[in-house]
Amino acid sequence: MSLVITGATGHLGRLVVEGLLDAGVPAGDVAAVVRDKEKAATLADRGVELRVADYNAPETLSEVFRAGDKVLLISGSEVGRRAAQHQAVIDAAKAAGVASLAYTGILGGPDADFALADEHKVTEQAILDSGLPHTFLRNGWYHENYTGNLGVALEHGAVLASAGEGRIASASRADYAAAAVAVLTGAGHEGRAYELSGDVAWSLAEYAAEVAKQSGKDVVYRAVTPEQNLEVLLGAGLPAPFAEILVGVDTAIEQGLLARRNGDLARLIGRPTTPVADAIADALK
């Protein structure tokens with residue numbers, strides 16, 4: 001039996017693999033599903049087994065899983081193609097007879113009423129239909145979704161969004177990775193759906209003020225209409241379908257859908273979630 005992590009060279013996947021090793025899981029019991037072995041060289045150097053497959057090539061998944069494996073399906077990054085990709089993984093996992101399948105979905109699960117959640121809802125239903133023992137890790141927003149674009153905010157002196165005064169209960173990517181490690185290494189998680197979010201919900205005005213405080217530069221939150229936001233995103237070169245999805249996320253934030261907090265994340269990781277101020281400080285280093 002192995003702990004199998006799909007998308008293991010992605011930002012979240014790599015943190016999960018490293019978290020398993022740091023938690024004392026023998027490297028030989030960890031398998032990383034990757035598309036490119038070269039990108040996973042550092043994991044192989046630590047003794048992690050590499051299993052090569054591609055979400056877009058279902059035939060490559062047939063040898064990835066083994067009977068008794070505990071699998072973490074990390075959602076793909078190709079919005080619009082993920083439902084089919086995830087279905088291929090689910091089918092392969094079921095055919096192999098894995099012991100359990102955990103999936104990183106989105107906060108709110110079936111109640112998440114915005115376009116970015118659609119493929120996650122389809123995937124959760126596919127997992128339910130498969131009959132596999134499962135755990136849903138419904139991840140909220142990542143701090144890094146904002147701190148990853150900190151340079152743009154500092155350059156323009158503004159955080160621009162159409163989220164109104166909505167609040168965001170985000171957490172760090174490392175927090176969500178730690179939750180996945182807890183589920184993979186613990187017991188009693190099958191059949192559970194965890195709504196994972198940060199301990200504190202903050203507004204974009206508060207975020208901009210914290211950026212200004214830590215950077216010493218003038219940064220403010222510029223609230224725009226959804227139409228204006230879409231125009232800016234298209235002007236930045238984003239494909240129209242993806243830009244529309246991002247505008248939809250801001251609408252969801254304004255409606256409070258990403259401000260939900262129930263403490264699941266802190267309980268799973270056994271500590272408070274990372275404050276957004278810490279993530280800003282790390283991004284400014």
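**Surface, cores and pockets**

User: Is D218 buried or exposed?

Analyst: D218 counts as exposed because its relative accessibility is 71%. Exposed means over 50% relative accessible area, buried means under 20%, and partly exposed lies in between (1.4 Å probe, protein chains only). This is a predicted model, in which local features need pLDDT of at least 70, side-chain atom pairs count only at pLDDT 80 or more, and totals for chains, interfaces and linings use all residues. Residues are numbered from 1 along each chain as its sequence is written, and side-chain values use heavy atoms, with hydrogens and water left out.

User: Where is D218 found?

Analyst: D218 belongs to the loop between α8 (204–215) and β11 (220–223). Helices (H or I, at least four residues) and strands (E, at least two) are DSSP runs, numbered from the N terminus. Between the C-alpha atoms of D218 and G157 there are 5.7 Å, although 61 residues separate the two along the chain.

User: And G191, buried or exposed?

Analyst: G191 has a relative accessible area of 56%, which means that G191 is exposed. The loop between α7 and β9 holds G191.

User: What about L257, buried or exposed?

Analyst: L257 has 13% relative accessibility and therefore counts as buried. L257 is part of the loop between α10 and α11. Leaving out residues up to four places away in sequence, L257 touches L107, D113, F114 and A252, where contact means heavy atoms within 4.5 Å. L257 and G140 are 117 residues apart in sequence, yet 9.5 Å apart in space, C-alpha to C-alpha.

User: Changing topic, which residues touch the most other members of the largest nonpolar core?

Analyst: They are I5, V16, L20, L72 and L137, in a core of 35 residues. Two or more residues of this core come from each of β1 (3–5), α1 (11–22), β2 (30–34), α7 (173–185), β9 (192–196) and α11 (264–269). The largest share is that of α7, with 7 residues. A nonpolar core is a set of buried Ala, Val, Leu, Ile, Met, Phe, Trp, Tyr and Cys residues joined through side-chain atoms within 4.5 Å.

User: What does L137 contact?

Analyst: Beyond its neighbours within four places in sequence, L137 has contacts that include L72, A102, Y103, A180, V183 and L268. There is also a second, separate core, which has 30 residues, among them L150, A161, Y207 and A208.

User: Which rings does the cluster of ring pairs link?

Analyst: The cluster joins Y146, W202 and Y207. The count of aromatic pairs comes to 4. Rings of Phe, Tyr and Trp (its six-membered ring) pair if their centres lie within 6.5 Å; planes under 30 degrees apart count as stacked, over 60 as edge-to-face and the rest as tilted.

User: Is T147 buried or exposed?

Analyst: T147 is buried because its relative accessible area is 9%. T147 lies in helix α5 and, residues up to four places away aside, touches Y207, A279, I280 and A283.

User: How much space lies in the largest pocket?

Analyst: The largest pocket holds about 1200 Å³. On a 1 Å grid over the protein atoms alone, a pocket is an open set of points with protein on both sides within 12 Å along at least five of seven lines, a cavity is a set of points where a 1.4 Å probe fits but cannot get out, and lining residues have an atom within 4 Å of a point. Of the 36 lining residues of the largest pocket, I74, S75, G76, S77 and R82 lie nearest its centre.

User: And the second largest pocket, how much space lies there?

Analyst: About 770 Å³. This second largest pocket is lined by 22 residues, and N145, Y146, N149, L160 and L233 are the closest to its centre.

User: How many cavities of 30 Å³ or more does a search find?

Analyst: The search of the whole structure finds 1. The largest cavity has about 80 Å³ of space, and the closest of its 13 lining residues to the centre are K70, S100, T135, V183 and E190. β5 gives the largest share of this lining, 3 residues. Each volume is the space filled by probe spheres set on the grid points, which are joined across faces, edges and corners.
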